[in-house]
Amino acid sequence: MRGTDNMNLDTLRQLPLMGWLPRGRHLVIAIPYVWMLLFFLIPFAIILKISFAEVQIAIPPYTDLVSYAEEKLNVVFNLGNYLYLLDDEMYLDSYLQSIQVATISTLLCLLIGYPMAWAIVHSSPAMRIALLMLVVLPSWTSFLIRVYAWIGILKNNGLINNFLMWLGVIDEPLTLLHTNAAVYIGIVYAYLPFMILPIYTALMRMDYSLVEAASDLGARPYRTFLSITLPLTKSGIIAGSMLVFIPAVGEFVIPELLGGPDSLLIGRVLWQEFFNNRDWPVASAVAVVMLIILMVPIIWFYRYQRREMQENGS
Amino acid sequence: MTPIPQVKSKFRTFVLLAGFAFLYVPILLLIVYSFNESRLVTVWSGFSIKWYGELFADTLMMNGVTLSLSIGVMSASMAVVIGTLAAFVLTRIGNFRGQTSFAFLMTAPMVMPEVITGLALLLLFVAMSNMFGWPTQRGAMTIWIAHVTFTAAYVTVIVRSRLQELDRSIEEAAQDLGATPLKVFFLITLPSIAPAIAAGWLLGFTLSVDDLVITSFVSGPNATTLPMVVFSSVRLGVSPKINALATLIILVVSIATFIGWWMMAAAEKRRKAEIAVAMQNS
């Protein structure tokens, strides 16, 4: 089929005025490709470059790596920024804390999101669409405002404390806002839809005759779930987890608004290096190390997307 | 294939009630307290709509709204062009040199932490203005480029999945009958993927209007978008004005989602009916 198509195209191309055919194809590829190369790939090369520069008080506030003076071409790779990251325990702590917070939040999202996806899939078809829309709807409203909602709920004279004091359970308000618990709540709340959607898709695509067969053969529901449903929805679990974990590692808004001064997640550190300290080279080095840490999950997610595409396409 | 069994258990009811309560109670509280008279957001002191008046009187906020909406429209429109072309390349052109890196470049922005994307783009703009003298100043233009870059990836995913489930035989038939690839695309492919493009546009628009982190990096002194105004206000503490803004956003999004869903359902129905008619006539 493909062979005859190409032959047709080849003969067409030889006709007068048809010479644009291959060029049209190249143009279609080139527009998105060039845009993404220019505005997505090259910027990362620049981050890498500036992470080896030194900070200076000028515009722009960093030194050049390559200079030419007195007939000498000087290439200076300054490793100082990376050594500085290793030297100051604050950075190592931030990376570890970010990974810890992201991992726990991802697990919490999975624990809440999987049962929800399951419950939605096992509804009547009309109900399924309505519930799915209700899951997506909050993520179409403002992210910032959904995080803001929790400030009013968690703060000292907020709703939870007022309610508990009204019940007489507590006399003094509990400190809920500006704690790590608040950061967990915020991340789970904001990213839950991204966990539910891929699991929902995986559950919808599953072959339910296997579940039927298992229960016909006498397997209990939890056993059927563990040995049939769970393995068959693995792809959805991986995709959902990556969609929560990766942005959670670099999250800035949630720790800034809900976390305390000690919840210095790495996204917040990068922000402060850049905006408060105006140290662009160190901010770049922070970004490069974060990217190296996230490389494995990002490639994992990409592989999953690709497999998904090939399965759909066939 | 065995149909998906419907389960009616107490566990399922509990999961749905608890899950949706978690998702919606904070939003409902936001709305309720936007009508509170007191400045203390969480202490009820009587019904009032005065915060809506104050919201509309806040020129900083209103300028932010105008800027965000116009950047949103322009970003979504460009993202739809790039995303649709990319989706077409990924599903219809398939094999070419650099295909793998193309697919990776079109996926990566979705999972890249925003602080990294924002910093990377800012450094690019600074380097460009040093080398070529452009952009002379950061502002709406640089925000537009940044937003197109990260929203195009989302448009690609939506349009791609639609292109994949499309019946290719119609496109092939048109090609066999002598239509040029350009004609096939505009007469056959584009109308069939129009709902997906519309959905992609809306998603791109929402992401653009909502973005704070990337925008903060690439923005300049004269361009303060709505999320930037909201963020600097929220940092200082809760304010009923923000609740009023939240309520309006939630209202608009709910109505738009409902209309979009209704229109897509209607379009799908019409398309099926047209195909049925065409089948009968042939």
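**Figure 1. The loop between helix 5 and helix 6 of chain B, with B:Pro135.** In this predicted model, B:Pro135 sits in the loop that links helix 5 to helix 6 of chain B. The peptide bond that runs from B:Trp134 to B:Pro135 is cis, and its omega is near -5°. As background to this view, most peptide bonds are trans. The two flanking elements, helix 5 (114–131) and helix 6 (140–165) of chain B, are also among those that each supply at least two residues of the side of chain B that touches chain A.

Figure 2. Chain B contains eleven helices and zero strands, and its C-alpha trace spans about 70 × 65 × 35 Å along the principal axes. Of its 282 residues, 39% count as buried, and among the contacts that join residues at least 6 apart in sequence, 77% link residues at least 24 apart. The average pLDDT of chain B is 88, with 99% of the residues scoring at least 70, while the model scores ipTM 0.87 and pTM 0.87.

**Figure 3. The side of chain B that touches chain A.** Here 71 residues of chain B are in contact with 77 residues of chain A. The elements of chain B that each supply at least two residues of this side include helix 1, helix 3 (59–93), helix 8 (181–210) and helix 11 (240–281). Divided by residue type, this side of chain B holds 56 nonpolar, twelve polar and three charged residues.

**Figure 4. The crossing of helix 6 of chain A with helix 1 of chain B.** The axes of helix 6 (residues 143–154) of chain A and helix 1 (residues 10–34) of chain B come within 9 Å and cross at roughly 75°, so that helix 6 of chain A is roughly perpendicular to helix 1 of chain B. From helix 6 of chain A the view shows A:Ala149, A:Trp150, A:Gly152 and A:Ile153, which meet B:Pro26, B:Ile27, B:Leu29, B:Leu30 and B:Tyr33 from helix 1 of chain B. The residues of this contact divide into eight nonpolar, one polar and no charged.

**Figure 5. Helix 10 of chain B and the elements that cover it.** Helix 10 of chain B is mostly covered, with seven of its ten residues buried; the buried residues are B:Leu226, B:Pro227, B:Met228, B:Val229, B:Val230, B:Phe231 and B:Val234. Their cover draws on both chains, and includes helix 6 and helix 12 (253–258) of chain A as well as helix 3, helix 8, helix 9 (213–218) and helix 11 of chain B. After helix 10 of chain B comes B:Gly237, which has a positive phi near 130°.

Figure 6. B:Pro109 lies in helix 4 of chain B and is buried, since 20 other C-beta atoms lie within 10 Å. Apart from its neighbours within four places in sequence, B:Pro109 is in contact with A:Phe40, B:Thr117, B:Thr149, B:Phe150 and B:Ala153. A:Pro32 lies in helix 2 (residues 20–50) of chain A and is likewise buried, with 24 other C-beta atoms within 10 Å. Leaving out its neighbours within four places in sequence, A:Pro32 is in contact with B:Ile82, B:Leu85, B:Ala86, B:Val89 and B:Met106.

Figure 7. A:His178, found in the loop between helix 7 (159–167) and helix 8 (180–205) of chain A, has a phi near 60°, a positive value in a residue other than glycine. A:Arg278, found in the loop between helix 13 (266–276) and helix 14 (280–313) of chain A, has a positive phi of about 50° although it is not a glycine. Most residues other than glycine have a negative phi. A:His178 is buried, because 20 other C-beta atoms lie within 10 Å, whereas A:Arg278 counts as exposed, because it has 12 C-beta neighbours inside 10 Å.

**Figure 8. The two domains of chain A and the contact between them.** Chain A is divided into domain 1 (2–75) and domain 2 (80–313), and the C-alpha centres of these domains lie 34 Å apart. Nine residues from domain 1 and ten residues from domain 2 of chain A take part in the contact. On the side of domain 1 that touches domain 2 of chain A, the residues divide into seven nonpolar, one polar and one charged.

Definitions and conventions. Residues are numbered from 1 along each chain as its sequence is written. Chains are lettered from A and ligands numbered from 1 in the order in which they are written. This is a predicted model: local features need pLDDT of at least 70, side-chain atom pairs count only at pLDDT 80 or more; totals for chains, interfaces and linings use all residues. Helices (H or I, at least four residues) and strands (E, at least two) are DSSP runs, numbered from the N terminus. Two residues are in contact if their C-beta atoms, placed from the backbone, lie within 7 Å. Axes are lines fitted to C-alpha atoms, for helices over the stretch in contact, and angles run from 0 to 180 degrees between N-to-C directions. Angles under 35 degrees count as roughly parallel, over 145 as roughly antiparallel, 65 to 115 as roughly perpendicular and the rest as oblique. Ala, Val, Leu, Ile, Met, Phe, Trp, Tyr, Cys and Pro count as nonpolar, Asp, Glu, Lys and Arg as charged, and the others, Gly among them, as polar. Domain bounds come from an automatic or database domain assignment. pLDDT is the predictor's confidence in each residue, from 0 to 100.
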